[in-house]
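These are my notebook entries on a structure that I looked up.

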Amino acid sequence: MYMYDEIDQQLVEQRVVQFADQTRRYLAGELTEDEFRTLRLQNGLYIQRHAPMLRVAIPYGMLNTSQLRMLAHVARRWDRGYGHFSTRQNIQFNWPRLEDVPSILAELATVQMHAIQTSGNCIRNTTTDHLAGIAPDEVINPLVWCELIRQWSMLHPEFAFLPRKFKIAVSGALTDRAAVGVHDIGLQAVEQDAQIGFRVWVGGGMGRTPIVGKLINAFVAWPHLLTYLQATLRVYNLHGRRDNKYKARIKILVRDLTPEVFAEQVDKEWQRIKDGPDTIAETHVAHIAARFTWPSYDPGAADADDQCESHASTDPAFARWMRKNVHGHRQPGYAAVTLSLKKTGVAPGDITADQMDAVADLADRHGFGELRVSHEQNLILADVRRDQLFRLWRELDVLGLATPNVGLLTNIISCPGGDFCSLANAVSIPIVKAIQERFEDLDHLFDIGDLDLNVSGCINACGHHHVGHIGVLGVDKGGQEWYQVTIGGRQSGGAGASGGSSTVRGGGAAIGRIIGPSFARDQIPDVIERLVNTYLAHRDSEVERFVDVVDRLGIDVFKTAVYDDPHLSHASAGRAMRLEAAGE
Amino acid sequence: MSEQDGGSGGPNMLRDGQVLRDETRLFDPQGAQLDAASTPPDEPGWVVTLSTWAARREAFRSRQHPVGVQVQPDDDISGLSSADSGIRQADLHGIAFVAIIFPVYTDGRGFSLAQRLRHEYGWHGEIRAVGDVLIDTVHYLARCGFNSFVLKEGHDPHKALHAVSAFTRAYQRSYAVVSVKRPPS
């Protein structure tokens, strides 16, 4: 994990001073509401339904245990004893008081944390593969490059007031776990002629207009990464639409210009600044790499008898957890472990202060004092000795963090929804709970196999519903909550993942297709069940996943299966709407 | 009247570390119903739009008192120069300063325009931020190449002077690191 140098620390501290003064001026009436809004947003502070919401940055999802303990402290002292991990690998507190935020930021700065650019129309927290640096299928370790981008984007003087928010993701593995295809810029680290570089995808994104990113440069050699990003951002900053916030993301500019013309404009801008002062030097990379602490693995771990198989043969619960929550590691004798924050009845991504402290203790004992946040809103212990897995599992089980559902239907990505968010059209947490309760039978859940189910409370798509194999979206119709269902979305790994076909591009991401008219809240578990049963009836074998069957058969068979049910048909939903509208 | 005199209102401008009163005024042929070919009198303090400048560049250049040129965020700044990109740098003479307008402070195009002026056009003269300019934006503006700031009402230029160096370190190497010489207090 990257450790701050003097410059990093000074910048974060100066930001605390700056924001404390801005808050004071706002409270004293020296800054208007309009003037303060963007300033507070650039420090992660929203005004939400109940109270301000503070989003704290976790750069590319990496966290150490002193930071996690600080987050627990913040949750206890200034919030209601819990936090919420978001799909950008950040953490959110839903109940702080505005007056307290400067103090919170000051405390966070003592453990090298901040809330800079976690919101607002600026470059947001760069995200990456939660298994970066340890995945067996990794080609290039993206972490040092993520840190370079983190530094370059932080307090960037030219790009603080973009037309709209801007998200960058980096992947360095064969399997794209960073969803580079649905980011404003997706970077895929590759090697070409013995040199590291990046494929650059631009204009992907979800929200109102879901689009898979377009490849605008097949190889930008590493020294030129930052100048290429600068050129891309400059074209967007000057030419992105500012007249309509729904058309202001870079994806609209790329679409309107065509990817080819956009790429030409970027290239023209790039030629002017390429080889300039922001060109990355080898010494610069070395300086940053040297500030990373890397785990000192015990070579003896490879030969230790981990006894996992014998434990698994006698304990089916452990066996299930091993299958779903334990992941391969490039270091022999080690594994990565997902701590599922998707227990039924707990809002996805939520974690209590007590759990944070307990997880910090576990990470100190089993994970070199570090952990990761995944964009699927779980925590990862990235470097666990295999011979400690059984012990760790028992401890996690007591904490309620061993739900064996990673990759399965109940590992639902969800935004906080209408219970907390003022943008939401509909609640999402109660929907998630109802679905999890319907699929509580673990044998059935395991039989269904890998299935990404994502829920968003509104079209802003914070719950990534577009790339769920099944997506659920809250919509507003005449003041009522309704839910639209999509199938066939995926965050990566589809056909032509390397840039082949016209329908599936980016890291092989695909946008789900709407199956038909929306449903009432209490119909959703039935709809999901119908979709799943249709899949089970049509799959070739257990190896063929839900999304594979949707790809093979198309959506019609699923659509028919759902809407043939009189309780779920459009007529019935329409009637339900009329009845509700009539107040019955 | 020089800017240093302070004028009728209080100081509202920062320039190269000095707190001043902005006394410039915009020459607006349409608004004043003047002949489109007319130019402002040859005296200090006039600002013209980019299109006015582009239309009568040579006339403006022969003045004793050069004009400032006002640039809107959606203006095509290639109109500042009559030359092709190769010799642009030599073609910006006769301009007192370039004033980039911020209709709202969240419109960030002016930041990129200033960068282009500095690096693509080689403009070493004054770049002035005008419009919705806050104490809170002068640091980024200064890093992007602005060296004068007409602050909006309610934003004290003395406080802005301190805010210019709100951050004393920086990551981005192609942008200025701001260290302001403050006048002795």
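The entries below follow that order.

**Conventions.** I worked from a predicted model, in which local features need pLDDT of at least 70, side-chain atom pairs count only at pLDDT 80 or more, and totals for chains, interfaces and linings use all residues. Residues are numbered from 1 along each chain as its sequence is written, and chains are lettered from A and ligands numbered from 1 in the order in which they are written.

**Entry 1: a helix pair.** I took helices (DSSP runs of H or I, at least four residues) and strands (E, at least two) as numbered from the N terminus. I looked up H3 (residues 65-78) and H4 (residues 101-109) of chain A, which pack at an angle of about 160° with their axes 10 Å apart. The axes are lines fitted to C-alpha atoms over the stretch in contact, and angles run from 0 to 180 degrees between N-to-C directions. H3(A) is therefore roughly antiparallel to H4(A), a label used for angles over 145 degrees. I noted that A:Met70, A:Val74 and A:Trp78 of H3(A) make the contact with A:Ile104, A:Glu107 and A:Leu108 of H4(A); contact requires C-beta atoms, placed from the backbone, within 7 Å. These residues divide into five nonpolar, no polar and one charged. Nonpolar here covers Ala, Val, Leu, Ile, Met, Phe, Trp, Tyr, Cys and Pro, charged covers Asp, Glu, Lys and Arg, and the others, Gly among them, are polar.

**Entry 2: helix H5.** I found that 11 of the 11 residues of H5 (residues 143-153) of chain A are buried, so H5(A) is largely enclosed by the rest of the structure. Buried means that 20 or more other C-beta atoms lie within 10 Å of the residue's own. The buried residues of H5(A) pack against strands S6, S7 and S8 and helices H6 and H9 of chain A. A:Leu155, which follows H5(A), has a positive phi near 55°.

**Entry 3: the core.** I recorded 224 residues in the largest nonpolar core, where A:Leu381, B:Ile100 and B:Phe149 have the most contacts. Such a core is a set of buried Ala, Val, Leu, Ile, Met, Phe, Trp, Tyr and Cys residues joined through C-beta atoms within 7 Å. H6(A) gives the most to this core, nine residues. Beyond its neighbours within four places in sequence, B:Phe149 touches residues including B:Met13, B:Val133 and B:Ala160.

**Entry 4: the chain contact.** I noted 30 residues from chain A and 22 residues from chain B in the contact. On the side of chain A, H1(A) supplies the largest share, six residues. That side divides into 14 nonpolar, 10 polar and six charged residues.

How values were computed: Angles under 35 degrees count as roughly parallel, over 145 as roughly antiparallel, 65 to 115 as roughly perpendicular and the rest as oblique. Two residues are in contact if their C-beta atoms, placed from the backbone, lie within 7 Å. A residue is buried if 20 or more other C-beta atoms lie within 10 Å of its own, exposed if 12 or fewer, and partly exposed in between; C-beta atoms are placed from the backbone.
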